[in-house]
Amino acid sequence: MSQTVQYSPLDKVRSEARRSMEAWFARLGQAEEKREPVANVFVMGNCLELLQVFDVHMVFPEILALQTAVRKVSLDYIHAAEGWGMSTDACNYVKADVGMALKGMQHPGGKIPKPSLAIGSNICLVFTKWAEIWERLHKCPAFILDIPLGRAHSRPYVPGSSQYEADKEYVLAQLWELVELLGKITGKRFDPTKLAEAEAHTNRAMNAWRGILEINQNTPALYDALADGVVLLGMINIARGTKEGADFFEMALEEFKRGAEQHYGVLPHEKFRLLFHGVACYPAMRRFQAMFHGWNSVFVTSPYLTFACGGFVGDFLFDTSKPMESLAELTLRCNHLAHQAMYFTDEFLFNRALMEKFHIDGIVFHAVKSCRTVSTSHANTREFLSRHHRLPCLYLESDHVDPRYFSEAQIKNRVDAFFEALTQKKFHGRE
Amino acid sequence: MGCLEDLLYRSRVIAEDLQFQGPKAWKAAQPHRKVLGHFQVYFPEEIAHAAGMLPIKIVGGGNKLEARRADAHLGSFICSIMRSTLELGLSGRLSFLDMMVTHPICDAARHLAGIWTRTFPNQPAQILYLPQNPNSKAAVKYLYHEYQRLQRDIEQIAGHSISEEDLRKSIALYNENRSLLRELYNLRKESPWLLSASESFVIVKAGTILPKEEHNQLLREILSLLPERNAKPQDKVRVVFVGAFCELPPIEMIETMEEMCYVVDDDFLIGLRWLTEDVSCEGDPLWNLAAAYIEHSTWASTQYDCHKPKEKMLECQVRAARAQGAICAAAKFCEPGVDDQIAYAKHFDSAGVSYILVEFEEKQTSFERLKMQTETFAEAILFE
């Protein structure tokens, strides 16, 4: 049982993250005026460290889109995009972004500069389609970084194997092609020392990030992997490869360690510990979270914190003595790891060690209507885990941006039924 | 040789066979035979054929299959072809497959291998990563390695290795098939009254499950009979149909469009026509297959290529077919399709190409709305 204490490690983490986010918006607001290069990038497969070598500002349209939902204005943007002709079935991240472009790049956080370059990837096919949209809308070049991912369930992917080496060679060749393109756009020369510096910052941040993910094995949990996890995710994306980012994550880890020492728990009376799979329900974050906190349940971990940071959570670190090769290798391995957990979901989820370490009582799948990358396997995995491994699973559907798909009463009914069953199982031994 | 109507009827029976009787009979004929299933869009069937396997294209179940079991496995926002393909598996219709290969053509299909593994653990399933950056100088070499990997996996299932000579023979056979399909499509462009799009569709679709040797024979016979067909040109609008690169429209939908239009070109089963030229049988056959995929290939919404902007490719296709307009379709919940519809629309508005936007599902059974749309479209063109 946790003790009620005044101290919360999340206070400093949240306030520092807010400050960084505001500074990011401020930099973006000035970029166009200063005629500084800007790249639109995604939270997966983005080579941020390389962009920093060329002093390119990074815009994360996924983050901007989800912020419109959190600030309850996403529907305005979505309506604008649908009025322009976009389908109701298209990804709502894309529609929020297109809506923003149609509204003169005005975002609730500030003015967003137009991209000088779009970097898409194959990791989500919408990324490539989105990059094509930017080519047409903003008349900017698109570069698609193609990262071969897992081929089959349980297939080893080890350095030295012919498949691994062929994949690495392909990714490395593309990175050199990106270097050439960045040189043309920025007029700057590639500096491997600068890349190594960015990678060293990322190494520091990633070491701390891993510590933060692991510390939630603590009982009671120190943070909610969904509500607080998205704050951390924002930071790992906008500040990766920078000293500011490394300092932030080391600070956050220290705060959580201090919290653990003081027996802090994000919930005063933690009863259920859950794993969240999917993308957050941004249009109704608080209401969604309240449905779970109301049952004294907390999301202690989530693959969302793995794939949406590009997968930099394995035992990988950059080898700064060979920065380009190392960038290719980590881009490949990290994304491979992250996506194995998405496409061959059961391989990741039915991991007894993970379940036991985090003391997980059940899994919640939040299938997002307009994000098939993350959500397609959910129902099948739920069926598989429930049937074969008797793991309590809850499957919910809504959206990550469009509030029209959040049916509160329906979702609450399902959540309540799930917890009633979970209570019977956990405290009364009935299934 | 049969008469044309018999051959067309036979094609339709094969194309609509949801029990896969042909592949099952092929497999049962000899004990060592193996069948490889692959999902849309493109697959280098030559590699499986060279191993003595029967490669068949899995293209969903159309509107004759109710996805009762699959609904429990897929969210409400997943397209019909994913749903019906899984239903084919869950209903036992695909239990004869020895291997299943899928491709990350879209964000739903990229999950198929994982879903297949969980649901049918006795059928090895895997993903073939075709390059999404064909503009990279390293793309051909990467794909060559990927094909080598695939070849090793196929050899393991087949139980023996594939020689270069085997591959060359298979490539030659498939070159002939592609050449015959080009001939079929050229004939439709030149004389659409001799062969309707729906007839062409079933002929091509029969090739998804027929052994290529048999499909070539079928195509040769049909092509030899078509010029003598007793049919006269009608006053119909010439259109190109696009948007069926993966999920296929029901045949009744094509027939509905044809009441007012000659569909003179389309992207039905485009994967079978992905390679646009003969693949060289000289040198390293696997390299030639990889190079052909990158250098001599068509386009689709599922493949990025900065040299092939979709809207301009479609405009070229419309002009090359001397079409008067385009029917730009997208399957329900198909992100690549719906995203490209807007690109076509914006471009055609400025390029002065007539078009309509259509949404469809393979499970669709009512076509009244489509009929009204195409009638209005065709009349607008006719009275321009």
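Visitor: How much area is buried between chain A and chain B?
Guide: About 4700 Å², and carbon and sulfur atoms give 53% of that. Buried area here is the accessible area (1.4 Å probe) that two parts lose on being put together, summed over both.

Visitor: Which three residues of chain A supply more of it than any other three?
Guide: K129(A), R151(A) and R372(A), with 14% of the area that chain A buries against chain B.

Visitor: And how many residues are in contact?
Guide: 59 residues of chain A are in contact with 57 residues of chain B, where contact means heavy atoms within 4.5 Å.

Visitor: What sort of model is this?
Guide: It is a predicted model, in which local features need pLDDT of at least 70, side-chain atom pairs count only at pLDDT 80 or more, and totals for chains, interfaces and linings use all residues. Residues are numbered from 1 along each chain as its sequence is written, chains are lettered from A in the order in which they are written, and side-chain values use heavy atoms, leaving out hydrogens and water.

Visitor: What does the C-alpha trace span?
Guide: Along the principal axes of chain A, about 65 × 50 × 45 Å.

Visitor: How many of the residues count as buried?
Guide: In chain A, 65% of the 431 residues do, buried being under 20% relative accessible area (1.4 Å probe, protein chains only).

Definitions and conventions: Buried < 20%, exposed > 50% of the residue type's maximum accessible area, 1.4 Å probe, protein only.
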